[in-house]
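Please look over the sequence and the 3D structure below before reading on.

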Amino acid sequence: MELSTVWFILIAVLWTGYFVLEGFDFGVGMLLPVLGRGRDAEDTEKRRRVLVNTIGPVWDGNEVWVLTAGGATFAAFPHWYATMFSAFYLPLLLILVALIVRNLGFDYRGKRDDAQWRRRWDIAIVAGSVVPALLWGVALTNVVRGLPIAANKEFTGNLFTLLNPLSLLGGLVTLGLFLTHGAFFTALKTAGDIRQDARRIAIRTGAVTAVLAVALLGVLGVQQGDGWSWATTVLAAGALLGALAAGARGREGWAFTGTFVTIAMAVATYFLLLFPDVMPSTTNAAWSLTTANASSTDRTLTIMTWVAVVFTPLVVAYQAWTYWVFRKRIGTQHIPAPAMH
């Protein structure tokens with residue numbers, strides 16, 4: 001197997017890691033005003049602190065995956081990186097700003113004992129979760145369906161080129177998947193009323209998302225799919241249905257595993273639909289960026305491979321240890337009463 005193909009697979013794995021981990025972060029953030037609604041002001045603040053605490057130890061580590069995926073793309077496929085970031089300059093800028101605002105919300109909402117202060121940062125957390133959840137789906141669906149790319153590997157479209165019906169559907173699918181994934185994670189990590197509410201929401205959002213996802217992957221599969229991509233599509237659909245069935249029976253661990261597999265198989269489907277292209281050209285198929293014409297030299301890929309062999313297991317082991325240490329459920333009984341103003 002050529003090193004360019006190996007790195008295409010590794011980049012797919014990195015994006016998969018990002019979406020299955022950061023995906024539930026986004027879901028919890030989006031659900032903050034829903035699952036965080038209590039009987040009174042004190043109960044509301046306790047519930048919201050529980051939600052934030054479920055992802056508090058892990059959200060920043062989850063973001064490492066997207067940084068690594070972007071860096072690996074830059075090093076292994078510089079032409080792909082240049083064309084993609086040129087085409088998606090505005091959406092990626094919005095994602096970056098949203099992530100910064102969201103992270104500030106996590107860090108600053110508890111810095112002052114002021115209800116209004118906390119409400120404003122809660123809005124930042126919600127908005128900073130919704131925007132990336134939607135725009136990542138729009139961007140990746142555009143990559144798969146193809147974009148107008150000239151012979152010099154330059155993107156020739158504009159913002160409205162990206163806002164096509166199929167890609168917007170892709171954004172709604174990732175939004176729905178992350179909501180469902182985050183709700184099942186919350187149900188797995190909490191106790192009491194929040195757990196029950198999260199499970200109910202996950203089943204509702206998951207049912208709607210299943211319909212949208214079947215429509216999206218079905219259209220993409222008919223247009224450019226093969227046996228492998230259809231297989232991962234079926235696995236994604238089956239895992240989501242299994243997650244909903246497990247959630248209905250109160251089996252949150254299996255439900256969360258199901259949405260984990262669903263997202264992983266959906267990302268795998270996207271990359272199988274792409275290969276051997278990395279950015280198909282709708283202007284002329286001969287001008288598409290591929291793993292061959294967009295990659296770095298073999299020497300660069302060889303050095304990157306050895307670095308990945310050494311450091312990837314260390315990063316995975318450390319992150320797995322973090323999840324193990326913070327594996328216990330929490331509830332409002334673990335949160336001290338806030339001073340409300």
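What share of the contacts in the protein chain with a separation of 6 or more comes from residues 24 or more positions apart? The share is 80%, where contact means heavy atoms within 4.5 Å. The model is predicted, with local features needing pLDDT of at least 70 and side-chain atom pairs pLDDT 80 or more, while totals for chains, interfaces and linings use all residues. Residues are numbered from 1 along each chain as its sequence is written, and side-chain values use heavy atoms, leaving out hydrogens and water.

The protein chain contains 14 helices and two strands; these are DSSP runs numbered from the N terminus, helices being H or I of at least four residues and strands E of at least two. Its C-alpha atoms fill a box of roughly 65 × 40 × 35 Å along the principal axes.

Of the 341 residues in the protein chain, 52% are buried, that is, under 20% relative accessible area with a 1.4 Å probe, counting protein chains only. In soluble globular proteins, nonpolar side chains tend to be buried together. Here the largest nonpolar core has 91 residues; such a core is a set of buried Ala, Val, Leu, Ile, Met, Phe, Trp, Tyr and Cys residues joined through side-chain atoms within 4.5 Å. Helix H1, residues 3-30, gives the largest share of this core, 14 residues.

Trp 15, Tyr 18, Phe 19, Trp 80, Phe 88 and Trp 136 have the most contacts inside the core. Leaving aside residues up to four places away in sequence, Trp 136 touches Trp 15, Tyr 18, Phe 19, Phe 26, Val 66, Leu 92 and Ile 95.

Key:
Buried means under 20% relative accessible area, exposed over 50%, partly exposed in between (1.4 Å probe, protein chains only).
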